Amino acid sequence: MTAFPRILSLNNKPSRLTRLGLTILSLWLLASTAVAIDVHQFESPEQEALYRQLTEELRCLVCQNQNIADSDADLARDLRNEVAEFIKQGKSGEEITAYLVQRYGDFVRYNPPVRADTIVLWTLPFLMLFVGAFALLRSIRRSGQKPADNGDTKTTAPSPAADREKHRS
Amino acid sequence: MKRSRSVFIKAVLPLVVFVAFVLLLMSGIGKNPRLIPSPLIGKPAPEFALPSLHQPDRVIRKGDLLGQYYLLNVWGSWCPSCRVEHPMVTEVARSGIIPVYGLNWKDEPENAKAWLQRFGDPYRDVLVDYEGRTAIDFGVYGAPESFVIDQKGIIRHKVVGEITPQVVQNELLPLIRKMEAGQ
Amino acid sequence: MLAEIGQFLLGLALLTALCLSIIPLLGYFFKRDDWMLLARPLAYLQFVLVFGAFLTLVWLFVVQDFSVAYVWRNSNSLLPLRYRISAVWGAHEGSMLLWVTIQTVWVALVARFSHSLSHDRIARVLAVLGWVSLGFLAFVVFASNPFERLFPIPAEGVDLNPLLQDIGLIIHPPILYAGYVGLSVPYAIAIAALLGGDLDEKWIRWSRPWTNAAWAFLTMGIVLGSWWAYYELGWGGWWFWDPVENASFMPWLAATALIHVQAVSERRNAFRGWTVLLSILAFSLSVLGTFLVRSGILTSVHAFASDPKRGIFVLALLGFYTGGGLLLYALRAHKIRSEPGFELSSRETLLLANSLIFLVATFTVLLGTLFPLLFDAFGKKISIGPPYFGLMFFLIMVPMVVLLPIGVMMRWHRDSFARVVRQLTPLFLLTTVLTIIVWWFLRPLPLKALAGVYGGIWLLVNTLYALLTEKGRLTRGRLGMHLAHLGVAFFVFGVSMTEHTDFEKDLLMNPGESATFKGYTFAFEGVQRKRVENYIAEEGTFKVFQGDKLVTVLHPQKREYPRQRKPMTEAAIDPGLTRDLYISLGEQLNDQGGWSVRIYIKPFIRWMWGGGLLMMLGGLLAATDRRYKRHAEAEKSHLASQWLEKNSGTPDDKVTEVNA
């Protein structure tokens, strides 16, 4: 059994010595990539698929950034067993996720919840897409309507290549 | 007028967004991204029923510990940081400011006993969580971790990592005073 | 002694970069030709010095000088020669030196292939590039010096992380960095144009091949990284939306947007401010990537050992390059006039729509990557992972796939949507028929996979049609574009197939047992222990049959490196055009030699990387289009005649504004 690398997480102001220690330790952490493979017997392919999905969407809390399906950390193994146990008891994916979120917080799930404080996350990209598209169309349409203004800007002669392109289908 | 506003938006907006962005990044520097606050703080501690390390046939339940506030220290003989914090845990227990219980996590009882023999046993009692189920209920993700549980069985505080003099001074003592006052 | 030479060369390079970043600019502002003409020699000198320092570090690794802290930490005497060389960029300090080395290569190349630019322009571009070199050289010298000595001298080195002892690591970082720092060229061009207030089509035309080349390297770097993670990490994943992966993906997305908008802004006096902003954004995101990877503010599987001080240094650089660029833009934006001169239904519109989609995609990745940080600022914790990115990306990229062929088919300037729709209808029907046929062969397919197949075939059919109906001479630029689009088709098809129809099974196998999945029978013959180079391996033997026919024999390993405490998995893969067979070894579970084993069948995964390769080839091909050279030659002779004219006329007015 291994200790979780608690030393790493707690030094806010590392001394010179521990800095070296940190470097080595984190490299060592990075190197711990033996794949974890557990053998669970499920009653149905659906249960097996749910197990796969859940273990891939749950985060191993002590790892750098890994789900519990891939991590060989001890805690990840415990959590996998817990998940398998629940599935065999017939619990649903939502129930199992809720169970773990209750204990470890939102950090444990890779699929962020849709909530008041995460609404930005889910909507902002689309808002940006729509606003951007609107602004783009408006600026093209406006410029298409008015003739090229003959202010003090230098007129750009289209390059010969551009001209050729223009007449091409 | 309108034109100057649109120029302003086009020209200055990216800069403003960028400055906010850099401030966000700066806020993250030096923080530890691996420290995860527990969602259980302020909530009742999960139920447990675990054998005592020294008398394996005696089962200790959450209900048995109600009526007093205590520190539940999660440790294992396999965990080097636990050894580092052990003198401090011992000092806390000896000083009598708060009763300390141990939660021996995923450990072989023989190893645990040998470890306590070697480094001293400050615990009022040691609960054995061989399978690690109770630890999951408590949201433990590494050792050492320590929970402060009050008279009503509510988790008031969680220390992730070693208990240091600073932790005792800044986190435990004020909380103990509060609990003493019955808050 | 050698380490001190390396140190000294870096110091000289720093001084050279300082000169390069100041003298030509002063020359530009005070109209001194002789100062401006110093830019090129300084750029070459800087390259020679940095390259010398880099070779010094390589040599220190080859001779294993453990008195140098960096060498000591990242190699030991058991390490084979090829990994000793790649260990140079196996950790933070050396990889930063590689970063800077490649950057100076780009600067030297810009100096070499820029004779079509008037000397005041090239002076500005090289000076801005000099600023970039200066910042990162300072970072290497003051905050991550690879030549630092150790005392007392250790007898033996630590080790190179075994994960990195692999061909993937030898080639992936240099190519990825070539892409990252290559984006400093369009950035420098944009800044140089803002400095002079002379943003015209010549600037943009000149920026295009450089952008394409940097983009191609970035594409290649990402593809290699994904492939490396797939075969080396042993859990069959090729992309995890990890912060470090996102750090390489964001500049790629921004550069993709940039490439498409450049096509518009070169031809039309429109959206040039937009081009400038995207140029700044693309390079900023590569600096941001460096920050995310090296500051430790986010947890990642691939992160370097992090140090907050370094984080602040890189953040300061980011603030300087991006903040400075945006400030300059804010001051000069009013000088950028636009007169689009094209209509709503035109290729221009669709190219701009493309840049918008890619910008939104960039933003989404950025949002998802940094959202945990925002939560952290409020004392809360959240994880944003593959489920979020996968869904968002799918939704954002659907319009891209639908619109791509329309954009290619649209004419420049003015066209009608009705015409394009008429022309596309038969192609759409053909796509549908082909999709049904493919579905028949691959069925059953989940809906998401089917959608991907549909999209992939839609792109394939249209791109081939466009390629075959090209009128006139097929230029390298056009061919490159079609190749890249073909790459998108393969990528879309490969990703949806491999993500939604893959097979995975964890099981216990005893020697002599076999298991059959999807028509393949995996027969396990047992595990043997053997000693190889600098590690010990437990190697399994699996014979894979299809019916009675032996398909392949696979040897997955579990390795132990003496200096490391944890074992690592080395998967065995049988690659194939339509599927990969992939086996990982877990651990021994019983005394009969039974092991836990993970078997994957990954359909069409190679198509995905193949698509990436096609995109890269397309980018390189487009970068070498003759058009740029032709323009360059015309420009060169034009400049020469102007120079002669000027010099024979008024001798005091030496600087020529050629573009006036």
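**View 1. Fold of chain B in the predicted model.** Along the sequence, chain B runs α-β-β-β-α-β-α-β-α-β-β-α, which comes to five helices and seven strands (DSSP runs numbered from the N terminus, helices being H or I of at least four residues and strands E of at least two). The radius of gyration of chain B is 23 Å, well over the 16 Å from the globule rule for 183 residues, so chain B is more spread out than a compact globule (taken over C-alpha atoms; the rule is 2.2 Å times the number of residues to the power 0.38). The C-alpha trace of chain B spans about 85 × 35 × 30 Å along its principal axes. This is a predicted model in which local features need pLDDT of at least 70 and side-chain atom pairs count only at pLDDT 80 or more, while totals for chains, interfaces and linings use all residues. Residues are numbered from 1 along each chain as its sequence is written, and chains are lettered from A and ligands numbered from 1 in the order in which they are written.

**View 2. The two assigned domains of chain B.** Domain 1 covers 1–31 and domain 2 covers 49–180, with bounds from an automatic or database domain assignment. Their C-alpha centres lie 49 Å apart.

**View 3. Packing of α15 and α17 in chain C.** Helix α15 (residues 386–409) of chain C packs on helix α17 (residues 447–468) of chain C at an angle of about 10°, with the axes 9 Å apart (axes are lines fitted to C-alpha atoms, for helices over the stretch in contact, and angles run from 0 to 180 degrees between N-to-C directions). That makes α15(C) roughly parallel to α17(C), the term for angles under 35 degrees.

**View 4. Cis peptide bonds.** The bond from A143(B) to P144(B) is cis, with omega near 0°; P144(B) sits in the loop between α4 (133–137) and β6 (145–149) of chain B. The bond from F151(C) to P152(C) is also cis, with omega near 0°, and P152(C) lies in the loop between α7 (119–143) and α8 (167–182) of chain C.

View 5. K106(B), not a glycine, has a positive phi of about 50° and lies in the loop between β4 (100–105) and α3 (109–119) of chain B. K106(B) is buried, with 20 other C-beta atoms within 10 Å (buried requires 20 or more such atoms, C-beta atoms being placed from the backbone). F604(C), also not a glycine, has a positive phi of about 55°.

Terms used:
Parallel < 35°, antiparallel > 145°, perpendicular 65-115°, else oblique. Buried ≥ 20, exposed ≤ 12 C-beta atoms within 10 Å, placed from the backbone.
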